[in-house]
Amino acid sequence: MDESKPTTGEAARTEASACPVDHTALTGAEGAAETDGGSTGPAQEQAVAHRRAAMPATALPGPKLPAPLQVLKYWRHPAEFVERCQEEYGGRFALSIRIPPKPLYVLSDPDDIKQMFLAPPDVLHTGTGSSTIEKFTGQSGLAWLDEDEHKVRRKLLMPSFHGKALQRIDTAIPEMAVTEVAKWPRGRDMPLHPHIHRFTLHVIREVIFGSKVPRQWDELIEVLIKMMGFNDRMGSAMMIHKMSATAVKALRAVKPLGFDEFLTLRERADALIAEAVDERRASGEPGDDMLAVMLGITHEDGSPLSHRELRDEMMTIFLAGTETTAAAIAWSFEFLSREPEALKKLVEEIDLGEGDEYLTATVQEVLRLKPSIPQIIPRTVMKPIEIGGVRFEPGMLLWASAYLMNRDPSLYPEPKVFRPERFVGTKPGVYTWIPFGGGRIRCLGDKIALLEMKAVLREVLSQCELYRHDPTPEGTRSRSVSALPKRGAMLELRPRVREAARGAV
């Protein structure tokens with residue numbers, strides 16, 4: 001999901017203001033001491049010596065394979081690839097998994113990641129970090145804004161994710177879960193992910209449109225599902241929005257690549273979203289949903305958000321707010337279908353209906369082992385910054401690995417074991433459990449995602465038994481920035497026979 005929410009409480013704000021990160025460039029007396037030989041005090045001399053001692057990021061180790069081969073390895077085996085790199089190169093290493101090639105400096109140590117999250121907004125930007133999905137979302141939404149622009153837009157959008165809006169969404173999600181899960185086939189082996197993804201799109205419809213469902217919705221959801229299917233293709237990593245018109249035309253001509261179908265679907269989705277906006281604007285109906293909030297936003301000169309800005313913001317949440325949550329729910333079923341003791345405890349709690357402590361812990365454990373975005377949205381260095389004794393220069397990209405950090409045995413004993421009990425009675429750490437990112441740009445819809453996960457698990461497990469035809473654990477496959485069970489959580493849902501019913505037969 002789009003990352004955008006500050007850490008909680010005064011303690012976090014105090015911690016942020018006492019930033020431990022060395023993020024200043026050589027300026028003033030320090031700069032004079034190093035470049036002009038000017039006289040300085042002990043503190044300035046110590047600072048200069050410290051800077052000289054820092055390792056340049058370009059000295060960090062990493063695989064020497066050409067960028068295209070690294071892209072291929074990461075796409076086919078994302079989890080195994082970064083794990084092998086960590087084993088060989090340590091907690092900080094450089095990858096080249098972008099086309100055109102540009103190093104990504106991976107951080108997996110919790111202290112390093114904490115420092116990254118606490119860096120001032122003018123030092124690290126995220127607005128350029130999501131370039132691989134700009135082909136879907138454009139560049140004017142919240143995820144592409146930084147510093148004051150990001151702060152202002154996030155504050156304006158917040159009411160559509162919290163307060164009364166969240167209460168409305170909280171009420172709607174279980175009702176949607178009942179409706180959607182009832183449509184899922186029973187008695188046959190199937191990937192659950194497509195059905196889960198459709199459910200998450202209905203939830204995001206509630207976030208964006210509220211109770212004013214646009215007349216175009218039935219067509220729009222089908223177009224969005226087909227369009228997002230492009231994320232299953234390796235070509236989805238290509239930044240076609242940065243290519244020349246000639247290059248894009250050439251790609252569209254090769255139909256098996258899927259670019260022509262994707263771009264055609266995108267054009268249709270844009271048209272349907274524009275119609276939905278015009279329909280809502282003409283009705284003049286107020287509301288606390290995201291579209292109503294956006295229609296009330298104006299620029300400094302008093303002008304409203306443009307159609308493009310409205311479209312980009314909605315498409316961002318349609319993509320980021322569904323792909324990530326659907327992946328997390330799919331992983332929940334994958335794990336539970338292989339862990340009978342955990343499944344038994346969860347079903348017992350659901351049947352009892354007196355609380356959701358184990359359900360909450362289960363969701364948290366799923367997100368620890370399989371964060372929906374395994375590597376957090378890259379940060380672009382705008383000013384020199386030192387993290388963990390390594391100096392990163394402007395233009396470099398920092399990539400915090402939630403996947404690797406959440407498997408740190410010093411943080412989580414037996415880290416590869418699925419054990420919800422580790423979170424029973426314990427809240428996850430702000431900097432040691434980061435499936436929703438962290439700092440100022442923590443996911444804006446994190447609470448909604450957790451509600452969705454709980455609602456689907458509760459509904460499915462109260463109605464069905466999970467059956468695996470193949471006991472082999474599913475591997476991981478890439479789907480754009482998310483990571484899914486390789487076969488989409490391939491399971492059979494069997495109608496559940498209650499114990500009371502068995503005794504009566």
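This is a predicted model: local features need pLDDT of at least 70, side-chain atom pairs count only at pLDDT 80 or more; totals for chains, interfaces and linings use all residues.

Analyst: Residues are numbered from 1 along each chain as its sequence is written, and side-chain values use heavy atoms, with hydrogens and water left out.

User: How many helices and strands does the protein chain have, and what percentage of its residues count as buried?

Analyst: Helices (H or I, at least four residues) and strands (E, at least two) are DSSP runs, numbered from the N terminus. On that basis the protein chain has 20 helices and 13 strands. Buried means under 20% relative accessible area, exposed over 50%, and partly exposed in between (1.4 Å probe, protein chains only). Of the 505 residues of the protein chain, the buried percentage is 54%.

User: Is α17 largely enclosed or open, and which helices do its buried residues pack against?

Analyst: Of its 13 residues, 11 are buried, so α17 is largely enclosed by the rest of the structure. Among the buried residues are Y358, L359, Q364, E365 and R368. Contact means heavy atoms within 4.5 Å. The helices against which the buried residues of α17 pack are α15 (307-336), α16 (340-352), α18 (402-405) and α19 (446-463).

User: How many residues of α15 are buried?

Analyst: Helix α15 reaches 43 Å from its first C-alpha to its last, close to the 44 Å expected. This helix is mostly covered, and its buried residues number 28 of 30.

User: What is the relative direction of α9 and α10?

Analyst: Axes are lines fitted to C-alpha atoms, for helices over the stretch in contact, and angles run from 0 to 180 degrees between N-to-C directions. The axes of α9 (residues 163-181) and α10 (residues 193-209) come within 10 Å and cross at roughly 150°. Angles under 35 degrees count as roughly parallel, over 145 as roughly antiparallel, 65 to 115 as roughly perpendicular and the rest as oblique. The direction of α9 relative to α10 is therefore roughly antiparallel.

User: Which residues of α4 and α5 make the contact between these helices?

Analyst: Helix α4 (residues 67-76) and helix α5 (residues 78-89) pack at about 120°, with their axes 5 Å apart. That angle makes α4 oblique to α5. The contact residues are Q70, K73, Y74, W75 and R76 of α4, with P78, F81 and V82 of α5.

User: Is E492 buried or exposed, and which side chain does a polar contact join to that of E492?

Analyst: E492 lies in strand β13 (residues 490-495) and is buried, with a relative accessible area of 7%. Leaving aside neighbours within four places in sequence, its contacts include R188, D189 and H469. A polar contact is a pair of N or O atoms within 3.5 Å; within protein, one must be able to donate a hydrogen and the other to accept it, and residues adjacent in sequence count only if both atoms are side-chain atoms. At 2.9 Å, the side chain joined to that of E492 is R494.

User: What is phi of A489?

Analyst: A489 is found in the loop between β12 (482-485) and β13, and counts as buried at 0% relative accessibility. Its phi is positive in a residue other than glycine, near 65°.

Notes:
The expected span of a helix is 1.5 Å times one less than its number of residues.
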